[in-house]
Amino acid sequence: MTDHIDPAQLWLGVCVGAQVLLVILSVIQANAYHERSLLLHAAATLMGVVVVQVLLGRHALLPPAVFLLVPSLAGLQLLDLVSHAGGLRQGRRWLLGVSAVVLPLLAIVAVYTVWAMAAGMVLWTAVVLMLLARAWRQSQPWIWWLPPGLVALGAAGFHLAVDDAPFALEDAVLVSALLAFWSCVTFIGTGWRDRIFGETRIRLQARNTVDPLTGLGTPMVLMDRVLAARHLTRRYGHPSVLMLVNIDNLGALATEFGLEAAESAVLAAASRVRESLLRDGDVAARLAHARIGVLAEGVAPGQAAATVAGRILVAGLKEPLQAAPAEFLRFRIVLAAVPTDDTPPKVLLQRLNARLDQEVRDASERRIVTLTQEELLS
């Protein structure tokens, strides 16, 4: 004799399992990408699972009361999703008030009367529709996923509000299916939105950390690395060297071959300096039109002059420029060990820059100048 499996119970298990899976996925992605909206969605979906459980219980008014916490959390998530949209300050205040204050209070009242749930769903739906209408044009294309899910969530709520208690297994299956659909499409829309805004944040961060012309780092990146190198020197005696590289003949190239040739020379200089660095931990940053800063970690000044600085000079003379086939890059370098005192990196760069200016004015034959700690800090 075989046991008969009720199809309603099977579908209920499928819908609840889908919701639990979405909770797990939302939490994992939220922690991996630091997305608060996915955490709020996970909380709302988990509350939907609780709603399905209490539907099969004995207390007739408990499911509507618990259900009101689902749109409450969903409203807070929607508030986070449309935080980018302008002109919604008043609408966001309304949604925050309804989701964080009104619905939780009505959830308490709904334990005694089902009409509290109906009133809460009507108020919440009106505020959500108003907010979506104003945010629609500013939230393409991911916002297309939200309306079907919100319709399903509202349908589940109104079904519980108008249905007579006690609730049957079929009610639990219907509500669970609607909540699973809402959770799924909202998860897709939220993930799409978060990826779009994540890529935007990366591009904005890249503007602050990468020079748009040469692809080298910015002065901010170099100064941060100098501070980190100073910490390593203090703690472990790990030496580092800061150097400035000047393109001596950049002005002559601009005068003889034009500005385009000079810009091409800057790009070539950046590429050759980058190729000359010995380790992945070394960093090069563009400080001015003709000057590049370099931090070489793990080397003393003498070793840096013989290896990193020497390689940079040779790289400039290795092959002629494409825009000026008869010309080579001529570099001049001033370097010093990163001191362990609290002198700001900006001040160190200014002092190296002043010494490099002097070397350029004097047209010194020395291409690599090493400053002692006394000269650098005086």
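Reader: How are H4 and H6 oriented relative to each other, roughly parallel or roughly antiparallel?

Author: Two packed helices are described by the angle between their axes and the distance between the axes. In this predicted model, H4 and helix H6 (residues 115-135) pack at about 15 degrees, and their axes lie 11 Å apart. Angles under 35 degrees count as roughly parallel, so H4 and H6 are roughly parallel to each other.

Reader: What is the handedness of the crossing of H4 and H6, and which residues make the contact?

Author: The crossing of H4 and H6 is left-handed. From H4, the contact uses Pro-71, Ala-74, Gly-75 and Leu-78. H6 brings Met-121, Trp-124, Val-128, Leu-131 and Leu-132. By class, the residues of this contact are eight nonpolar, one polar and no charged.

Reader: Which angle do the axes of H1 and H2 make?

Author: The axes of helix H1 (residues 7-33) and helix H2 (residues 36-55) cross at roughly 160 degrees and come within 8 Å. Angles over 145 degrees count as roughly antiparallel, and H1 and H2 are therefore roughly antiparallel to each other. Their crossing is left-handed.

Reader: Which residues of H1 and H2 meet?

Author: On the H1 side they include Leu-12, Val-16, Val-20, Val-23 and Val-27, along with Gln-19 and Asn-31. On the H2 side they include Leu-38, Leu-39, Leu-46, Val-49 and Val-52, along with His-41 and Thr-45. The contact of H1 with H2 has twelve nonpolar and eight polar residues, and no charged ones.

Reader: How are H9 and H13 arranged?

Author: Helix H9 (residues 219-236) and helix H13 (residues 345-362) have axes that come within 9 Å and cross at roughly 105 degrees. The range from 65 to 115 degrees counts as roughly perpendicular, so H9 and H13 are roughly perpendicular to each other. H9 contributes Leu-222, Met-223, Val-226, Leu-227 and Arg-230, while H13 contributes Pro-345, Lys-346, Leu-348 and Leu-349. The classes here are seven nonpolar, no polar and two charged residues.

Reader: Which helices supply the lining of the largest cavity, and which gives the most?

Author: Helix H4 (69-81), helix H7 (146-162) and helix H8 (169-209) each supply at least two lining residues. H4 gives the most, with four residues. The lining consists of Ala-74, Gln-77, Leu-78, Leu-81, Leu-146, Leu-150, Trp-182 and Thr-186. Ala-74 and Leu-78 line this cavity and are also among the H4 residues in contact with H6.

Reader: What classes of residue make up that lining?

Author: Six of the lining residues are nonpolar and two are polar, with no charged residues.

How values were computed:
Residues numbered from 1 in each chain as written. Predicted model: local features only at pLDDT ≥ 70, side-chain atom pairs only at ≥ 80, totals over all residues. Heavy atoms only, no water. 1 Å grid on protein atoms, 1.4 Å probe; cavity = no way out; pocket = protein on both sides within 12 Å on 5 of 7 lines; lining within 4 Å. Nonpolar A, V, L, I, M, F, W, Y, C, P; charged D, E, K, R; others polar. Axes fitted to C-alpha atoms, helices over the stretch in contact; angles between N-to-C directions. Left-handed = near helix turned anticlockwise from the far one by under 90°. Contact = heavy atoms within 4.5 Å.
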